[in-house]
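Hi,

Here is the structure I promised to pass on.

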2 protein chains.
Amino acid sequence: MKEVAKLLGYRESVKVVDATMRDGGLVNDFYFTDDFVKKLYQTNIKAGVDYMELGYKASKELFDVDKFGKWKFCDDEDIYEVIGDNAEKKVKLAVMADVGRCDYQNDIRPRSQSPLDLIRVACYVHQIPAAVHMIEDAKNKGYEVSCNIMAISAAQEADVRAALQMIGESPVDCIYIVDSFGSLYPEQLARLVDVYMETATKHKKILGMHAHDNQRLAFANTIEAVGDGVDWLDATYAGMGRGAGNCTMENLLGFLRNPKYQLYPVIKFIEEEMVPLRESGLKWGYDIQYLLTGIFNQHPRTAITFTKENRKDFTEYYKELTAQE
Amino acid sequence: MKEVAKLLGYRESVKVVDATMRDGGLVNDFYFTDDFVKKLYQTNIKAGVDYMELGYKASKELFDVDKFGKWKFCDDEDIYEVIGDNAEKKVKLAVMADVGRCDYQNDIRPRSQSPLDLIRVACYVHQIPAAVHMIEDAKNKGYEVSCNIMAISAAQEADVRAALQMIGESPVDCIYIVDSFGSLYPEQLARLVDVYMETATKHKKILGMHAHDNQRLAFANTIEAVGDGVDWLDATYAGMGRGAGNCTMENLLGFLRNPKYQLYPVIKFIEEEMVPLRESGLKWGYDIQYLLTGIFNQHPRTAITFTKENRKDFTEYYKELTAQE
């Protein structure tokens with residue numbers, strides 16, 4: 001059981017990362033208006049959020065720029081134009097770079113020539129050597145760097161340990177536990193944090209948590225993680241994110257006790273921007289199809305298709321998911 | 001940290017209580033159709049649910065029978081008519097009886113003359129002596145009896161301990177932790193379970209958990225509770241319940257490992273009955289107004305009014321909730 005002091009007090013090392021534009025961008029193909037982005041940036045500053053993830057640095061070889069909004073690519077010029085140079089750094093700016101889907105050597109400039117502060121390298125367990133290359137590249141360019149190992153609920157513990165050893169020996173700053181399938185229960189997560197913490201302690205790394213809400217546990221798992229010593233916490237406004245969405249910013253800032261965090265600006269942004277976004281027809285958040293992929297520890301892609309097709313035949317979907325052939 | 005065996009194995013003593021008609025009845029004034037009730041009853045049997053709560057035994061002196069559906073009163077005759085005599089007891093039948101709002105001496109017959117099995121006595125901490133009278137009455141009539149102490153997040157620990165001592169000395173079978181405001185975090189709940197467990201151990205009582213989803217923690221708190229030794233777990237189909245609703249049956253049966261519990265019938269009932277119920281205009285479930293009453297540890301009644309009035313001005317509501325005068 002955690003100490004009472006952990007609930008009523010706070011750790012200075014805890015940081016909140018707003019992933020609305022990156023994980024939420026998977027819902028609307030990154031078509032956020034400039035006004036939305038400017039207002040989100042100002043809201044994050046008022047709310048005391050520590051990092052704001054703007055989207056992906058996706059390869060323009062692999063992805064058609066005409067089929068996505070600009071935040072899938074996060075050109076420095078676009079960031080300067082919409083947000084400015086962010087010289088005061090009241091909130092640090094981040095992008096995600098996927099292993100195998102980012103032309104990082106060309107597209108990520110030295111930090112001194114970029115508005116960005118943090119590169120989040122995303123990979124699966126089997127891609128760690130490639131991730132380490134990207135981590136070293138970003139670190140050499142002067143960035144803070146995290147490594148977000150995805151779909152961890154479907155990985156073997158022995159593989160996770162081997163991956164952590166390689167990542168631990170890299171110059172990365174923060175290692176993320178990413179429950180991409182929203183499949184972990186808090187008790188399982190606590191054991192996983194133990195495994196990650198061995199590496200974090202040995203190699204002096206920060207730990208991070210990125211949760212999905214398939215089983216309505218994104219917030220619960222995030223506060224389980226912070227109670228277990230995880231410092232960087234991802235959240236999104238109104239939980240906007242792929243499929244069942246993420247830990248909501250409003251839940252998280254209502255929980256954290258560091259007085260720098262302010263809930264009111266978050267509620268205001270939800271009222272003024274997120275409710276209209278949802279009413280415009282964008283769909284995300286908990287529903288039965290996501291619960292089922294979470295329970296069965298599967299990638300949510302079939303549930304996302306189910307949602308897009310406006311299907312409501314949960315029983316047929318249940319049979320599809322559990323078909324043995 | 002809990003043992004792995006607790007997640008992969010199961011305790012025979014864990015029981016699931018379907019509270020859809022009772023807590024969900026607060027959403028539709030207990031106007032469930034007979035067809036709905038019959039189908040829910042059959043579904044509970046197929047799903048392996050242990051107890052089905054049909055509604056309240058409310059006083060007809062205090063409440064106008066013309067303004068509520070019959071499940072606010074749960075006359076034995078109505079139960080016989082819709083469900084039958086339930087002679088096989090594949091799922092046990094329960095009602096809730098509120099202290100001060102139930103004519104229990106007249107309206108609750110001896111168990112041998114009733115289809116009911118369990119009387120759930122609901123009270124606040126300051127009503128324990130009256131609750132003990134009701135517990136004794138029901139026990140003398142042959143029922144299983146629980147005591148559901150409500151709004152526990154707003155009670156003083158010293159009062160809770162005094163209440164538990166009185167309840168512990170009563171003939172009650174099960175003592176419920178009821179997070180009426182959906183305000184408890186899992187860490188706080190774990191400490192509260194410790195307090196209840198002292199009484200439970202000393203007086204050989206079962207513990208129960210009834211959660212609300214204001215902070216999206218109803219399921220998380222329910223599985224925290226079962227991991228801490230709480231045996232009776234309340235859930236409702238699609239979370240239907242007052243305000244933010246309850247721990248969902250589909251989450252809970254997806255988690256429990258006792259092979260008698262079956263998820264598929266639950267999904268089927270949601271598809272066929274709960275989705276249409278929601279589409280008919282009934283409103284329940286997590287939203288910002290409920291999050292705020294949860295965070296501020298307040299009764300959800302103002303949030304329910306906010307919902308009924310179709311208000312969306314969360315910032316004004318935030319100011320109303322936090323007004324100092």
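B:Asn297 counts as partly exposed, because 14 C-beta neighbours lie inside 10 Å; on this scale a residue is buried with 20 or more other C-beta atoms within 10 Å of its own, exposed with 12 or fewer, and partly exposed in between, the C-beta atoms being placed from the backbone. Its phi is positive, about 55°, although B:Asn297 is not a glycine. You will find B:Asn297 in the loop between α13 (288–295) and α14 (301–308) of chain B. Helices here are DSSP runs of H or I with at least four residues, numbered from the N terminus.

B:Asp29 is another non-glycine residue with a positive phi, of about 50°. B:Asp29 sits in the loop between α3 (25–28) and α4 (34–47) of chain B, and with 12 C-beta neighbours inside 10 Å it counts as exposed. For context, most residues other than glycine have a negative phi.

Before going further, please note that this is a predicted model: local features need pLDDT of at least 70 and side-chain atom pairs count only at pLDDT 80 or more, while totals for chains, interfaces and linings use all residues. Residues are numbered from 1 along each chain as its sequence is written, with chains lettered from A and ligands numbered from 1 in the order in which they are written.

The contact takes 34 residues from chain A and 34 residues from chain B, where contact means C-beta atoms, placed from the backbone, within 7 Å. On the side of chain A that touches chain B, α12(A) gives the most, with 6 residues. Since 100% of the interface residues of chain A are also interface residues in chain B, the copies meet through the same surface.

Finally, helix α15 (residues 314–322) of chain B has B:Phe314, B:Tyr317 and B:Tyr318 buried. The buried residues of α15(B) pack against α12 of chain A, as well as α13 and α14 of chain B. Turned away from that buried side, the other face of α15(B) carries the exposed residues B:Glu316, B:Lys319 and B:Glu320.

Best wishes

Methods: Contact = placed C-beta atoms within 7 Å. Helix = DSSP H or I, 4+ residues; strand = E, 2+ residues; numbered from the N terminus.
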